[in-house]
Amino acid sequence: MVAGLGLRRSGRRNAFFFAGAAAIVLWSAGPFLWQLSTSFQLDRALVSPTPSLIPHPFILQHYLNIFSVKHFQFYVLNSCIVAAATTLLCLGLGAAAAYALARLKLRRRFGLLGLILSVSMFPQIAIVGPLYLLASSLGLLDTYLVLVIIYLALGLPLVIWVLFGYFQTIPEELDEAARIDGAGPLRILLLVIVPLSVPCLVTTGLIAFIAAWNEFMFALAMTSTIAHQTVPVGIANFTNLYYVPWGDIAAASVVVTLPLVLLVLFFQRRIIEGLTQGAVKE
Amino acid sequence: MSRVAAAGGAITRAPPAFAIIRTRRIDWPPLLLLLPTAISLGSVCVYPILGGLWLSLHNTMLATRENRFVGWLNYRTLAADPDFWSAWRHTLEFTAVSTLAETVIGLGMALLLVEWFHGRGLVRAAMLIPWAMPTVVTSKMFGWLFDGQNGLVNWMLRSLHLIGGNIDWYGSPNTALGTIVIADVWKTTPFMALLLLAGLQTIPGSLLEAARIDGAGAWQAFWRVRLPMLTPILLIAAMFRALDAFRIFDLVYVLTGGGPADSTEVLSTLTYKTLFSALEFGYGSALATAMFATEAAIALCFGILIAQSLRRQER
Amino acid sequence: MSKSDDMPRGAAERGPGAGSDSPGKMEAVPHDLTSRPRAGSGRRAFLGGVALGAAALGAARPARAADRTEISFASAKFFGKETVAQVVEMYNSSQGRVHVSYDELPPPSDSTAVHQLLVQQLARRNGSPDVFTQDVIWIAEFAGAGWALALDDEFGAEVRKDYFPGVGAACTWGGKLTALPWFIDSGMLYYRTDLLGAAKVPETWEELVKIAEAAQKSGGARFGFLWQGKQAEVLVCDLVSFITGNGGAILGPDGKTVLLDEEKTVAAVEFMRDTITGTKISPQDVLSWDEEPSRRPFTGGQAAFLRNWSYVYTIAQDPKVSSVVGKVGVAPLPHFAGGQSSACLGGYQYGVNASTKKREAALDFVHWMSSPATQLHFATELGLAPTRAAVFDEPALAKSQPFMQTLKPVFVGATPRPVTPKYAQVTLVLQSAVSRALAEGNVKQALSGAKERIATIVGS
């Protein structure tokens with residue numbers, strides 16, 4: 001809580017940040033490191049009385065297994081396609097809707113926002129069934145499309161609310177100026193609002209992406225072949241009868257988590273910091 | 001007041017947005033921009049939700065082929081069903097505790113990570129790991145980590161001499177729900193931290209600078225500048241987290257199945273069992289609708305707070 | 001499009017063994033499918049996916065094989081060296097009258113999802129899927145709902161004769177045969193041969209407790225006996241074997257009388273609790289453990305005894321996963337003094353959709369799938385144990401699955417869980433009540449409470 005200004009450039013500040021950063025890394029990455037270590041160990045090491053983070057013996061069998069035997073790369077590809085399409089659509093439709101709402105009269109817009117939110121209030125377990133039948137009668141089962149349509153609807157409320165919160169804070173004169181120059185709403189959105197909101201778009205985009213990437217229940221019901229099944233279903237498919245091949249699962253979770261983390265590392269350097277230089281001067 | 005720093009020199013005090021709209025004619029229909037969203041949400045959600053409401057007024061039960069309109073009967077049964085109320089309480093407890101913990105921890109993380117220090121990028125990336133890991137894996141992983149006999153958590157606590165004997169995290173009705181809260185907090189705190197971080201980053205440095213010149217310490221700067229500016233996004237993030245936590249399903253289903261002795265039975269697992277194990281579609285839909293109503297109440301509370309905070313900020 | 005009416009009914013070639021009931025002719029199985037890309041990976045033939053889309057639509061299907069009757073088959077995902085999809089393709093290429101498109105449901109580890117998807121399709125009563133597979137506990141429910149075709153005319157007394165007795169009973173509802181056995185599994189006792197010492201394999205629970213306590217005292221094992229007490233279906237499986245092993249029952253033979261608070265039943269549940277709180281041969285953790293969490297300490301060498309399904313044996317013999325290779329034996333579960341060993345019956349069965357518009361084709365397919373030769377193929381290539389007792393004596397089985405062959409005596413004693421169309425509701429009450437009894441201790445009261453609720457459910 002003592003973050004920032006008062007402690008600037010003091011030794012205490014450095015110690016404080018070091019401790020805080022170490023705590024975050026330990027808390028967040030600890031279980032992941034355990035998974036990483038597990039992915040290089042034999043499964044029987046899991047119940048040894050003194051757990052060890054250093055794999056002994058060190059094996060790559062689990063990684064070979066998931067790619068050559070279980071064809072994990074297909075699931076990853078499917079997930080990439082579904083999650084990327086969902087993210088782009090979420091941001092596109094969400095930004096348009098949020099912009100419209102941010103410029104509406106207050107009373108009406110909170111009604112609409114509430115309506116949009118209501119989608120997030122119905123238990124998902126209760127809508128899986130009806131949607132399955134609907135998709136089945138439309139011939140949409142086991143397609144990318146059905147997953148994207150569903151994830152889009154599930155992701156939109158959050159994207160709209162968060163973007164709405166940000167657009168509220170963008171000065172209205174910018175719109176006005178562009179409108180006087182003869183720009184239509186779509187052009188104002190694309191040329192004025194969007195460039196100003198990149199950090200927020202990246203954040204909400206990331207949230208939409210990961211939500212689609214990790215969704216399990218709908219993917220399990222709607223897809224039935226490796227041609228369209230996503231990563232979570234692929235991992236669930238590792239289980240044969242009851243047996244959970246833990247080393248393989250650990251390897252798979254490392255394979256799908258690391259790229260996301262690297263992506264975040266890349267994005268937060270290039271975009272967030274670049275754009276907010278003016279805001280947080282250090 | 002504008003929070004958009006990146007607008008460069010354009011940071012001026014914005015006039016209240018709706019004052020303009022009230023005085024001028026809107027020359028384009030904003031509803032057109034809402035149309036794609038309306039289609040998307042309508043096609044996916046309206047049909048199942050309305051279908052659920054309709055079904056909840058029937059005694060539809062596939063096994064016995066009953067399917068009659070019974071009016072409010074299911075809701076009357078529900079009001080007298082101790083299992084429902086017990087699950088309802090568990091769910092509310094879970095939602096309140098985990099949302100609060102996630103907000104506080106997430107805010108702490110965001111405040112730390114908004115400051116510049118060596119290796120900040122790496123810490124930011126590391127912070128996101130729990131959220132990026134597939135949920136199907138993390139729920140099973142928490143089964144492992146908190147396993148009462150061979151779990152890593154007990155081993156570490158024993159090694160540090162914090163506990164004498166093993167704690168039976170999931171096997172005891174006293175600790176099971178708390179352990180699930182820990183798992184949920186670990187998994188979803190990054191969501192809060194990420195949104196709050198983005199919010200913090202748009203607070204103009206000039207404001208903090210001004211506070212500093214006024215002699216405010218870091219603590220005062222937080223309460224006087226950052227928190228008020230952050231409130232809307234904080235409330236929005238907390239609302240979504242609360243709505244999501246209220247629908248907790250996977251963690252409970254994988255880790256305890258609702259037990260032991262129903263101590264972790266939440267509304268989602270109860271509804272799921274009623275709908276898809278027992279195939280009582282009518283009563284299950286009533287349960288789902290009750291969840292919906294509770295969530296609507298939660299959302300309404302947050303909605304009022306959010307509207308207030310936005311209004312305060314625009315002033 | 002349906003050609004069911006004029007389709008040759010003479011059950012000419014049934015099964016890859018060309019119609020003979022002797023499963024000895026496995027050479028006849030066409031193996032051309034093994035050249036399919038990614039064989040055995042669980043990847044389903046892409047064509048199957050296309051056909052599924054069309055089948056789900058119930059609309060016109062692709063014109064290929066226009067002279068064949070098209071039927072759809074939905075099943076949970078099972079795999080070993082081969083997949084179910086490959087076996088279905090074997091059928092498709094073995095004859096020219098029927099073409100089966102296969103709809104793969106989630107794996108049985110997501111059993112509730114499988115149940116949900118099946119129920120949703122069957123409840124539409126539009127004939128799709130024509131043939132499906134079902135967990136043993138859904139049979140009465142599907143039959144009671146009128147979704148499963150009675151098969152008595154097709155498969156008469158033969159079924160009860162050739163199959164394990166428990167399976168035959170489980171497939172019968174209301175005096176009618178509404179399901180046809182596919183593969184069997186059951187609960188069984190795993191023991192550590194090295195910890196047994198001079199003692200013989202326990203036949204009663206009393207003997208087991210003694211050996212387990214001794215193993216714990218001598219330091220040979222941290223845990224005496226591991227079982228599954230998670231508030232889930234597996235708890236009922238464990239429950240059934242304890243109760244029946246004491247001569248008790250949950251439901252009477254009429255399916256209406258609830259016997260849950262009888263002395264023998266209560267005593268059996270008291271014993272379950274006693275393993276945790278009295279003799280302490282089981283850790284309290286079993287209350288949150290299902291199959292895998294209880295399996296791991298055992299294959300990790302920490303326990304003397306384990307109750308589990310047949311899948312554990314292969315894992316126990318795999319040096320990558322197990323520290324007890326070569327030290328594990330399997331036996332029927334113990335019983336109480338005066339009782340009889342009983343194991344909870346598991347496994348999947350075939351069912352024919354009562355609304356199918358292609359009855360003849362569907363029956364032809366089911367005949368083939370349940371034939372001894374196909375059962376042998378499922379056993380050797382997918383590791384699914386046959387439900388026909390005779391198939392266990394096949395030399396081919398002894399060669400590729402020697403362990404499976406030794407399980408025959410265990411399967412003979414497998415007992416179905418309560419057979420009632422309301423099973424799904426009954427099991428939820430049982431899970432909740434028994435979990436409460438085990439965690440809190442008031443066994444008699446918890447079971448009496450459950451008895452009343454179950455009586456309301458099955459009585460109405």
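The secondary structure of chain A comprises 12 helices and zero strands (helices are DSSP runs of H or I with at least four residues, strands are E runs of at least two, and both are numbered from the N terminus). The model is predicted: local features require pLDDT of at least 70, side-chain atom pairs count only at pLDDT 80 or more, and totals for chains, interfaces and linings use all residues. Residues are numbered from 1 along each chain as its sequence is written, while chains are lettered from A and ligands numbered from 1 in the order in which they are written.

Along the sequence, chain A reads α-α-α-α-α-α-α-α-α-α-α-α. Chain A has 282 residues, of which 57% count as buried. A residue is buried if 20 or more other C-beta atoms lie within 10 Å of its own, exposed if 12 or fewer do, and partly exposed in between, with C-beta atoms placed from the backbone. Contacts are residue pairs whose C-beta atoms, placed from the backbone, lie within 7 Å. Among contacts in chain A between residues at least 6 apart in sequence, 76% link residues at least 24 apart.

Chain B meets chain A through 100 residues of chain B and 97 residues of chain A. Helix α2 (residues 30-55) of chain B supplies the largest share of the chain B side, 15 residues. That side of chain B divides into 73 nonpolar, 20 polar and seven charged residues. In this classification Ala, Val, Leu, Ile, Met, Phe, Trp, Tyr, Cys and Pro are nonpolar, Asp, Glu, Lys and Arg are charged, and the others, Gly among them, are polar.

A second contact takes 29 residues from chain A and 37 residues from chain C. On the chain A side, α5 (124-137), α10 (217-222) and α11 (231-237) each supply at least two residues. The largest share, four residues, comes from α5(A). The chain A side that touches chain C holds 16 nonpolar, nine polar and four charged residues.

Helix α11 (residues 218-246) of chain B is not straight. Its 29 residues leave the end C-alpha atoms only 35 Å apart, short of the 42 Å that a straight helix would reach at 1.5 Å a residue (the expected span is 1.5 Å times one less than the number of residues). A kink of about 55° lies at Thr231(B), shortly before the proline Pro232(B). The bend at a residue is the angle between axes fitted to the seven residues ending there and the seven starting there. Of the 29 residues of α11(B), 21 are buried, so this helix is largely enclosed by the rest of the structure.

Chain C is divided into domain 1 (26-185 + 348-415) and domain 2 (186-344 + 419-459), with bounds from an automatic or database domain assignment. Contact between these domains involves 18 residues of domain 1 and 18 residues of domain 2. On the domain 1 side, α4 (139-144), β6 (180-186), α17 (408-412) and β13 (414-415) of chain C each supply at least two residues. Helix α4(C) gives the most, with four residues. By class, the domain 1 side has 13 nonpolar, three polar and two charged residues.

Strand β6(C) is largely enclosed by the rest of the structure, because seven of its seven residues are buried. Six bridges join β6(C) to strand β11 (residues 343-352) of chain C, and the two run antiparallel. Ser186(C) stands opposite Leu345(C) in β11(C). Two bridges link β6(C) to strand β12 (residues 385-386) of chain C, again antiparallel. Here Phe183(C) has Pro386(C) as its bridge partner in β12(C). Strands count as paired if DSSP finds at least two bridges between them.

Strand β2 (residues 98-104) of chain C is mostly covered, with seven of its seven residues buried. In a regular strand the side chains alternate between the two faces of the sheet. Val98(C), Val100(C), Tyr102(C) and Glu104(C) point one way from β2(C), and His99(C), Ser101(C) and Asp103(C) point the other way. Strand β1 (residues 69-75) of chain C runs parallel to β2(C), joined by seven bridges. Thr69(C) has Val98(C) as its bridge partner in β2(C).

Phe271(C) lies in helix α10 (residues 263-277) of chain C. Phe271(C) is buried, with 20 other C-beta atoms within 10 Å. Leaving aside neighbours within four places in sequence, Phe271(C) is in contact with Trp205(C) and Phe242(C).

Methods
Contact = placed C-beta atoms within 7 Å.
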